[in-house]
Amino acid sequence: MPKKMTVALALCAALALSGCSSTQAQMPQDQTHKKAAEATASPSPSESARQLTTAEVATTAGAVLATELGFPNSAKIQGKDLEALATPPTDTLKDIVVLPAQCSAPINDLNWSPVQLGTESARTDFTNANQSITGSVEVAKLGANGAAAVDSHNKNVRTIVEQCKSAKLNGMDYTETLKFSDPQVDSVDSALYYSRDGQYAQNSLVLIKKTKQYAVMVSFVAGSSLADEKFNKVATSVMDAAIAQLP
């Protein structure tokens with residue numbers, strides 16, 4: 001979800017991976033999902049809680065639990081990479097026809113993630129040993145207008161699940177179909193499972209939950225199906241670990 005895989009997360013290989021063409025990079029890529037392919041280091045035990053922001057403490061806790069659940073390789077997204085993710089992408093659906101047409105706006109909103117709130121934020125990506133599945137945990141402080149922004153995104157997710165179970169994206173030189181469903185995760189505010197076919201076939205699971213002061217997002221992306229309850233449990237466990245560190 002990239003030239004430098006820590007920057008372009010949302011719907012081109014997910015949505016993905018490196019090597020997307022300039023045209024394909026305009027696809028909503030699920031900027032929420034990213035490959036931690038350049039990362040092999042686990043959260044550093046040398047970082048004391050006093051040196052970390054609350055958001056960083058939360059994402060570190062989520063990544064540590066992910067290590068215990070089979071995702072030992074992780075990378076903190078920071079500096080310019082985090083700044084890039086905080087900038088909402090533009091023209092992601094330029095020259096792309098979405099059918100049904102009413103699904104265009106909510107699908108474009110898949111490029112949203114909490115870091116775009118422009119507040120205190122942190123993100124850590126993690127992957128398993130063979131890097132066939134990549135996950136991420138992202139935390140951002142709500143700030144003045146954050147709650148409304150999260151609610152707006154969650155509303156778009158509900159629209160997708162209810163009205164856009166299958167959508168076709170037609171570009172000048174490609175076409176692909178996105179299929180969406182509700183993964184039935186009751187403990188979160190927003191849950192979305194979707195797959196995309198075509199050259200960058202991919203499957204994604206995205207969970208979002210809001211606390212009094214923060215928004216938390218946990219996501220997974222893989223080339224194979226994630227439609228299994230065990231992935232829901234891993235995702236919710238990582239989210240619970242992050243939320244447990246928040247005020």
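**Entry 1: Thr236 and its neighbours**

I started with contacts (heavy atoms within 4.5 Å). Leaving aside residues up to four places away in sequence, I found Thr236 touching Val185, Ser187 and Leu207. Before going on, I noted that this is a predicted model, where local features need pLDDT of at least 70 and side-chain atom pairs count only at pLDDT 80 or more, while totals for chains, interfaces and linings use all residues. I also noted that residues are numbered from 1 along each chain as its sequence is written, and that side-chain values use heavy atoms, with hydrogens and water left out.

Thr236 sits in helix H5, which covers residues 229-243. Helices (H or I, at least four residues) and strands (E, at least two) are DSSP runs, numbered from the N terminus. Is Thr236 buried or exposed? I sort residues by relative accessible area: buried is under 20%, exposed is over 50%, and partly exposed is in between (1.4 Å probe, protein chains only). Thr236 has 14%, so I wrote down buried.

**Entry 2: the disulfide**

Next I searched for disulfides (a pair of cysteine sulfur atoms within 2.5 Å). The structure holds one. Cys103 and Cys164 form it, with their sulfur atoms 2.1 Å apart. The link of Cys103 and Cys164 is left-handed, with -100° about the S-S bond. Cys103 is in the loop between strand S2 (97-99) and helix H3 (104-108), and Cys164 is in the loop between helix H4 (146-163) and strand S5 (166-170), so the pair ties together parts 61 residues apart in sequence. I found both Cys103 and Cys164 buried.

**Entry 3: salt bridges**

How many salt bridges does the structure hold? My rule was a side-chain nitrogen of Lys or Arg within 4 Å of a carboxyl oxygen of Asp or Glu. The count is five.

Lys210 forms one with Asp151, and their closest N and O atoms are 2.7 Å apart. This pair links distant parts of the chain, since Lys210 is in strand S8 (residues 202-210) and Asp151 is in helix H4, 59 residues away. Lys210 has a relative accessible area of 27%, so I noted partly exposed. Asp151, at 40%, is partly exposed as well.

Back in helix H5, Glu229 and Lys233 lie four residues apart, about one turn of the helix. Their side chains meet in a salt bridge at 3.9 Å, N to O. Glu229 counts as exposed, because its relative accessibility is 54%.

Last, I looked at Arg123 and Asp125, whose side chains meet in a salt bridge at 2.8 Å, N to O. Arg123 and Asp125 are both buried. Salt bridges link Arg123, Asp125 and Glu138 in a network.
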